[in-house]
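Please read it alongside the sequence and the coordinates.

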Protein chains: 2
Amino acid sequence: MTPKIVRYLADHQPATPCLVLDLDRVAANFARLRTALPDAQIYYAVKANPAPQILGMLNDLGSRFDAASIEEIMMCLAQGARPGTISFGNTVKKASAIAAAFAQGIDMFAFDSAEELAKIASHAPGCKVYCRIAVGNDGADWPLSRKFGTTVARARDLLIEAHGLGLIAYGLSFHVGSQQTNVAAYQAAIARAAMVFTDLRTQGLDLKMLNLGGGFPVRYRDDVPEIEDFAEAITSAMNAHFGNHVPDMILEPGRFIVGDAGIVASEVVLVCHRDPEDERRWVYLDIGRYGGLAETEGEAIRYDIRTAHRSGPSGPVVIAGPSCDGVDVMYEHAPYAMPMALKAGDIVTIEATGAYVTTYASQAFNGFAPLSEHYI
Amino acid sequence: MTPKIVRYLADHQPATPCLVLDLDRVAANFARLRTALPDAQIYYAVKANPAPQILGMLNDLGSRFDAASIEEIMMCLAQGARPGTISFGNTVKKASAIAAAFAQGIDMFAFDSAEELAKIASHAPGCKVYCRIAVGNDGADWPLSRKFGTTVARARDLLIEAHGLGLIAYGLSFHVGSQQTNVAAYQAAIARAAMVFTDLRTQGLDLKMLNLGGGFPVRYRDDVPEIEDFAEAITSAMNAHFGNHVPDMILEPGRFIVGDAGIVASEVVLVCHRDPEDERRWVYLDIGRYGGLAETEGEAIRYDIRTAHRSGPSGPVVIAGPSCDGVDVMYEHAPYAMPMALKAGDIVTIEATGAYVTTYASQAFNGFAPLSEHYI
């Protein structure tokens, strides 16, 4: 929580649940990443938080944009982004969305299947395309499963096919998984990608770009490597595997740019015991898994939660949301402790919730409205 | 899918994703339950689907309402429901929500802890309260975990305490879990509840009401017991355990009333292979876990999915949502087969999605708007 957020909460006491996000921190995170990897082009992952205040500021700072949908593309354009700075990064797109993006001047599209490539060739003729390969997600707290990416062998064939379809076979992408805490994951993925570049060069096809995706972690409850550690690992791997042919680099950070810039303020609705045999109290907040904290599924992302109780003893708790749904429990297995003095009506802050919260809130689960948003 | 929905889809070809729900089926389900259990008062669980068209029609049919939040209470009142027909059934409520409900004339509140009871006594003095006990959820596809309910012993103490606080110790409730396919679950819960009634009567406290919750199942891909089977089991258990002192019965059906009245129409965005070793195709729809199909988490609720391909061979598939999120996969382990001819642009219908879909949709996950809704 930044000093600016502390002041804002004290001065305004906004109704809960709400997100309060410090735009200065967003700018600082962007600058830090640019300094760490000056040769990379940063495409902010809009899905992390598409607030117009964030998109507008990042556009002014020279960021580009990675969009998951035509709706996100329109949000970027509305904030002044030029079409040439937007990548349509979802490898699964409706034909109508591709056509609409093309009509807006978007000229770079991701794919990872022959079927998607055919759609792009039909509806965005002559555009740049890059192929996503599947890479290891070990070390990521929010992995990407088998849903995306193709094999190295298939990527080669598909990029040649892209060229044959009149598209610009522009490059390759991978994603090591979100909240990735292992710098070696990027190095292994770069090595794998480099093989495709080399193979295709021998076949006369010169790829220009490597998209390293996002995944850079934010500090929640545990320390994570610094962004400079990732930058160093990436730079040395790029040099080692590409030598004199280092391609243009694209990054797609989302969580890293906005995650630690925001906090959620929430009211405690109830504190009570459930099982007489269990010393743990149940703490029910006015935000839950369906109110925006979707990444607590499986207790994958473990947010730091703070209270105003500065002294006095603490004890173990289970932390749940306000709805009638039994699945709406955030932390039952992860060890969480909260002050014994905690009671209904208290405000808690859930730290580093600037990413993947606002748009993920259900529109009216159990009748509850989505959290309000304050960009300061 | 009802004939009325088939006609509506053919005539209007609504943009996808969308819910189309046949109100006649809602009325028929309500009538069927009332016939099966004529002595029970039906409180529709608003959270299942709070569309004004549904609330208004059910109010006209004589339904009462189980509300999870002050927002749901206001929705019921807006459709003409009298305050006396609304139960505030969430055992976890903000003090401000209790006060607001009391100001609207709501006079029945659920609780399951001393802390909640104190809030109700302060903000809704003199009202009727009922205590929720925890019961077994075995047999439920969407169980309620340890989040709600207290022990039988504690319920006795709390109801006596309620009386001491000037509240009307009105009754007891339980919930056997949602999509409960085992009729015996209700019988075991009734037996447990009856002990509390008997014990309290010996202490001079006469409870008037037993709330049996909801949980009645809908047919998805597998047959489930008929509602008449549940009715028979409940009636015999009530007579066996309460004898000449059968209390007023309340039911809180949600899924049973609206579940099979609606379908979701969705467009296929992409069909492709992922792993070359895996014969399964990946089918990406324009609705996913975050677009309303929240109950596919853990593949708990397995919807029947239909296509317009009437003949030709089928093959195994994985079914995923349209977002860039790796977790947005509906069915990867449950065996699903779809026509080999299925392709991007085809429309599929996801059957029996009238409950727990619309309000559960994220407001803008990956930029995607919530599904549209058609009540016919």
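## Helix packing, chain interface and strand pairing

In chain A, H2(A) and H3(A) are oblique to each other, a class that remains once angles under 35 degrees are called roughly parallel, over 145 roughly antiparallel and 65 to 115 roughly perpendicular. The model is predicted, so that local features need pLDDT of at least 70 and side-chain atom pairs count only at pLDDT 80 or more, while totals for chains, interfaces and linings use all residues. Residues are numbered from 1 along each chain as its sequence is written, and chains are lettered from A, and ligands numbered from 1, in the order in which they are written.

Helix H2 (residues 23–36) of chain A and helix H3 (residues 52–60) of chain A have axes that come within 10 Å and cross at roughly 40°. Here axes are lines fitted to C-alpha atoms, for helices over the stretch in contact, with angles running from 0 to 180 degrees between N-to-C directions; helices (H or I, at least four residues) and strands (E, at least two) are DSSP runs, numbered from the N terminus. On the H2(A) side, A:Leu23, A:Val26, A:Ala27 and A:Phe30 meet A:Gln53, A:Ile54, A:Met57 and A:Leu58 of H3(A), where contact requires C-beta atoms, placed from the backbone, to lie within 7 Å. By class, this contact of H2(A) with H3(A) has seven nonpolar, one polar and no charged residues; Ala, Val, Leu, Ile, Met, Phe, Trp, Tyr, Cys and Pro count as nonpolar, Asp, Glu, Lys and Arg as charged, and the others, Gly among them, as polar.

Between the chains, 56 residues of chain A are in contact with 56 residues of chain B. S12(A) gives the most to the side of chain A that touches chain B, with five residues, and that side divides into 28 nonpolar, 13 polar and 15 charged residues. Because 100% of the interface residues of chain A are also interface residues in chain B, the copies meet through the same surface.

| Strand pair | Direction | Bridges |
|---|---|---|
| S13 (residues 281–285) and S15 (residues 314–320) of chain B | parallel | four bridges |
| S15(B) and S16 (residues 329–339) of chain B | antiparallel | six bridges |

B:Arg281 stands opposite B:Val317 in S15(B), whereas B:Ser314 stands opposite B:Pro339 in S16(B).

Conventions:
Two residues are in contact if their C-beta atoms, placed from the backbone, lie within 7 Å. Two strands pair if DSSP finds at least two bridges between them.
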